[in-house]
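Please look at the sequence and the model before reading on.

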Amino acid sequence: MNKKHLIEVVIFLTYALFAMSWVAGSMMTKDIMAYYNIEGMAAATWMTNAITIAKIIGNLSAAWLLVKMGPKKAFAVASVLIVAGAIGAYASNYPLYVFSRLVMGFGGAFAIVYFNPIVINYFTAEERPLINGINAAAFNMGNLLAILFTGSLLSSLGQWQNVILAISGFSLAILIVWWFISDDFSLSSSAGNQQQAAYTLKDGMKESVNWWLPIAYSGLLFCYISVFSLFPLVPTFAAEAKYLSSIMIGAGMVGTIAGIMIAKRYPLRVPVIRYCGLAMTLFAALMITTSNATIAYIAAFMAGFFMFMPMTSLVTLPQELPNMTPARITVIFGMFWSVSYMIETALMYFAGILADMTGNIAYAASFAVMCSSTFFLASFFLPETGKKPDAFNATAKQA
């Protein structure tokens with residue numbers, strides 16, 4: 001394994017372990033509530049809200065930190081903050097525990113933004129679809145690890161605090177590896193590009209593509225999070241929500257592999273985003289409306305498959321914009337994640353209001369599925385950055 005592939009393994013595991021800690025904490029909510037004598041789900045939601053708030057703020061500040069410290073130290077800081085999630089194991093009160101999740105959330109926010117300048121620097125344009133696809137599955141992998149191992153870790157280690165410490169211990173080991181193998185690189189230029197002027201957040205906000213990308217993703221993100229938060233509260237689905245969510249995770253892994261293959265062989269990005277987005281919404285709608293459990297399971301698989309299949313194309317698209325540099329891509333994805341989570345948070349809040357007003361949580365679930373259509377609708381405003389193959393152009397001219 002050469003250096004760049006080892007670096008890819010490190011950044012992937014860094015975010016996957018962050019996701020594992022996030023989801024594992026959510027899965028142990030009842031244990032944590034009992035330990036701190038917390039009553040009511042409103043107070044309990046701050047465990048997740050703290051991470052969401054940190055991601056909104058942290059994503060926008062990631063570019064500033066990268067410029068100030070350089071790639072090596074900036075990603076190390078992100079990793080340190082993720083490891084600092086272990087503070088929660090020693091928290092003497094609930095607010096301090098919530099603060100530990102806030103700190104960890106900042107680490108995750110920084111880390112995911114830094115994926116892109118690292119990929120731009122170390123990998124060629126031909127290699128990036130594969131790497132982007134793998135990185136797009138990092139959170140899903142962490143989610144899967146949490147589902148598979150949280151229960152057994154809790155049983156073997158005895159307390160929820162020990163589970164948090166164990167996950168942070170793995171994150172610390174990955175951080176040490178990063179420090180010894182990583183190096184700093186120029187943020188203002190990349191392979192094939194001349195030195196570019198500094199690209200700031202103000203510059204990023206002037207480009208429409210930087211808004212349409214997160215608008216597209218926000219609905220999918222809301223629907224994905226709802227599968228694990230809102231859907232389990234709905235008693236009227238044909239199949240239990242926990243089975244639907246597990247199927248969607250597994251299908252997402254398959255969809256990620258398919259998305260990588262498509263991005264490498266089919267150079268156009270927008271059609272993949274558009275029609276996968278449409279299929280995802282239609283299958284998700286079928287999943288929650290059918291009265292047949294078998295159909296619900298099949299629809300859940302297809303919804304998860306089409307939810308993750310276009311992610312490689314979505315992440316690759318901005319990397320293919322003209323004159324792309326590590327600094328510019330950092331700003332673009334800082335906006336991408338921050339705006340996505342801001343919209344998702346607003347949609348989730350509205351879903352809660354909708355459920356309270358109607359007295360039926362199923363309406364909130366339907367709203368989440370409806371919002372996933374932003375992936376399809378916003379695709380009509382995205383630029384096509386892929387180039388048709390020469391053979392295709394030649395055939396078209398002959399015709």
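**Whole chain**

The model is predicted. Its secondary structure comes to 19 helices and zero strands. The radius of gyration is 21 Å, close to the 21 Å that the globule rule gives for 399 residues, so the chain is as compact as a globular protein of that length. Along the principal axes, the C-alpha atoms fill a box of roughly 65 × 50 × 40 Å.

Of the 399 residues, 55% count as buried. The chain exposes about 17,200 Å², and carbon and sulfur atoms supply 68% of that area. Among contacts between residues at least 6 apart in sequence, 84% join residues at least 24 apart.

**Helices α13 and α15**

Two packed helices are described by the angle between their axes and the distance between the axes. For α13 (residues 270-289) and α15 (residues 311-319), the angle is about 145° and the axes are 9 Å apart. The crossing of α13 past α15 is left-handed. On the α13 side the contact involves V270, V272 and I273, which meet S313, L314 and L317 of α15. By residue type, this contact holds five nonpolar residues, one polar and no charged.

**Helix α7**

Helix α15 also takes part in covering α7. In α7 (residues 128-136), the buried residues are R128, P129, I131, N132, G133 and N135. Their cover includes α1 (3-27), α6 (94-122), α8, α12 (241-265) and α15.

**Single residues**

One of the helices covering α7, namely α8, spans residues 138-157 and contains G151. The C-alpha atom of G151 is separated by 8.9 Å from that of A24, although the two residues are 127 apart along the chain.

Two asparagines, N37 and N323, have a positive phi although neither is a glycine. The table lists their positions and values.

| Residue | Location | Phi | Relative accessible area |
|---|---|---|---|
| N323 | loop between α15 and α16 (326-358) | about 55° | 49% |

N323 is partly exposed, because its 49% falls between 20% and 50%.

Technical notes. Residues numbered from 1 in each chain as written. Predicted model: local features only at pLDDT ≥ 70, side-chain atom pairs only at ≥ 80, totals over all residues. Heavy atoms only, no water. Axes fitted to C-alpha atoms, helices over the stretch in contact; angles between N-to-C directions. Helix = DSSP H or I, 4+ residues; strand = E, 2+ residues; numbered from the N terminus. Left-handed = near helix turned anticlockwise from the far one by under 90°. Contact = heavy atoms within 4.5 Å. Nonpolar A, V, L, I, M, F, W, Y, C, P; charged D, E, K, R; others polar. Rg over C-alpha atoms; globule rule 2.2 N^0.38 Å. Buried < 20%, exposed > 50% of the residue type's maximum accessible area, 1.4 Å probe, protein only. Areas by Shrake-Rupley, 256 points an atom, 1.4 Å probe, with all protein chains shown as cover.
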